[in-house]
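Reader: Hi! Could you walk me through this one while I have it open?
Author: Happy to, ask away.
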Amino acid sequence: MKYLGLAYFTPEKFAAMAPEDVKALVTQCPPLDEKMRATGKVLVSASLGDLDQWVTLRPHSGKTRISDGPYTESKEVVGGLFIIEADSREEAQRIASMHPAAMLGEQGGWAVELIPMDFYLAR
């Protein structure tokens with residue numbers, strides 16, 4: 001079974017952090033990411049770009065409407081994603097718990113959401 005992991009953060013909380021705290025937090029991420037990838041179960045791992053470059057595409061009157069910025073109803077924003085192939089939900093949770101957003105960044109509003117995937121197409 002494949003699972004999509006969405007790594008969230010809260011932009012306002014993250015922006016309120018002192019630059020040295022952000023740097024200290026972010027420098028802890030690469031070793032944790034590597035530990036997660038070392039399981040051999042991570043198919044994809046990505047960090048998403050700056051929010052000011054996001055666009056939203058949605059249907060409107062039979063055409064596609066494009067608008068600036070992320071469209072969210074919540075304070076949290078997806079900052080990264082990963083896909084795990086695991087033999088069980090428990091294994092997927094164990095691997096996802098290694099992600100930096102599941103271990104660090106409480107002051108930045110970090111969190112991970114783990115979602116089972118019904119369909120996955122790879123090129």
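Reader: What does Lys13 touch, leaving aside residues up to four places away in sequence?
Author: Lys13 touches Gln107, Gly108 and Gly109, where a contact means heavy atoms within 4.5 Å. This is a predicted model, in which local features need pLDDT of at least 70 and side-chain atom pairs count only at pLDDT 80 or more, while totals for chains, interfaces and linings use all residues. Residues are numbered from 1 along each chain as its sequence is written, and side-chain values use heavy atoms, with hydrogens and water left out.

Reader: Where is Lys13, and how far is its C-alpha from that of Gly105?
Author: Lys13 sits in helix 1 (residues 11-16). Helices (H or I, at least four residues) and strands (E, at least two) are DSSP runs, numbered from the N terminus. The C-alpha atoms of Lys13 and Gly105 are separated by 9.9 Å, and the two residues are 92 apart along the chain.

Reader: Nice. How many aromatic pairs are there in the whole structure?
Author: Two aromatic pairs turn up. Phe9 and Phe14 are edge-to-face, because their ring centres are 6.0 Å apart and their planes are at 65°. Phe14 and Trp110 are stacked, at 6.0 Å centre to centre and 25° between the planes. For the rule itself, rings of Phe, Tyr and Trp (its six-membered ring) pair if their centres lie within 6.5 Å; planes under 30 degrees apart count as stacked, over 60 as edge-to-face and the rest as tilted.

Reader: Which parts does the pair of Phe14 and Trp110 tie together?
Author: Phe14 lies in helix 1 and Trp110 in the loop between helix 5 (100-103) and strand 6 (111-116), so the pair ties together parts that are 96 residues apart in sequence. Trp110 is buried at 17% relative accessibility, whereas Phe14 is partly exposed at 23%. Ring pairs link Phe9, Phe14 and Trp110 into a cluster.

Reader: Switching to helix 3: which of its residues are buried?
Author: In helix 3 (residues 29-37), the buried residues are Cys29, Leu32, Asp33 and Met36. Seen down the helix axis, they fall within an arc of 100°, so they line one face of helix 3. That arc is taken from the directions from the helix axis to the C-beta atoms. On the other side of helix 3, Pro31 and Lys35 are exposed.

Reader: And what do the buried residues of helix 3 pack against?
Author: They pack against helix 2 (19-26), strand 2 (42-47), strand 5 (77-85), helix 4 (89-96) and helix 5.

Reader: On to charges. How many salt bridges are there?
Author: The count comes to four, with a salt bridge being a side-chain nitrogen of Lys or Arg within 4 Å of a carboxyl oxygen of Asp or Glu. One of them joins Glu85 and Lys2, at 3.2 Å from N to O. That pair links distant parts of the chain, with Glu85 in strand 5 and Lys2 in strand 1 (residues 2-9), 83 residues apart.

Reader: What about Lys41, which residues does it join in a network?
Author: Lys41 meets Asp87 in a salt bridge (3.4 Å, N to O). Asp87 lies in the loop between strand 5 and helix 4 and Lys41 in the loop between helix 3 and strand 2, so this pair ties together parts that are 46 residues apart in sequence. Lys41 also forms a salt bridge with Glu91, the closest N and O atoms being 3.5 Å apart. Shared partners join Lys41, Asp87 and Glu91 into one network.

Reader: Last one: how many helices and strands does the protein have?
Author: There are five helices and six strands. From the N terminus on, the elements run β-α-α-α-β-β-β-β-α-α-β. Buried residues make up 33% of the 123 residues.

Terms used: Buried means under 20% relative accessible area, exposed over 50%, partly exposed in between (1.4 Å probe, protein chains only).
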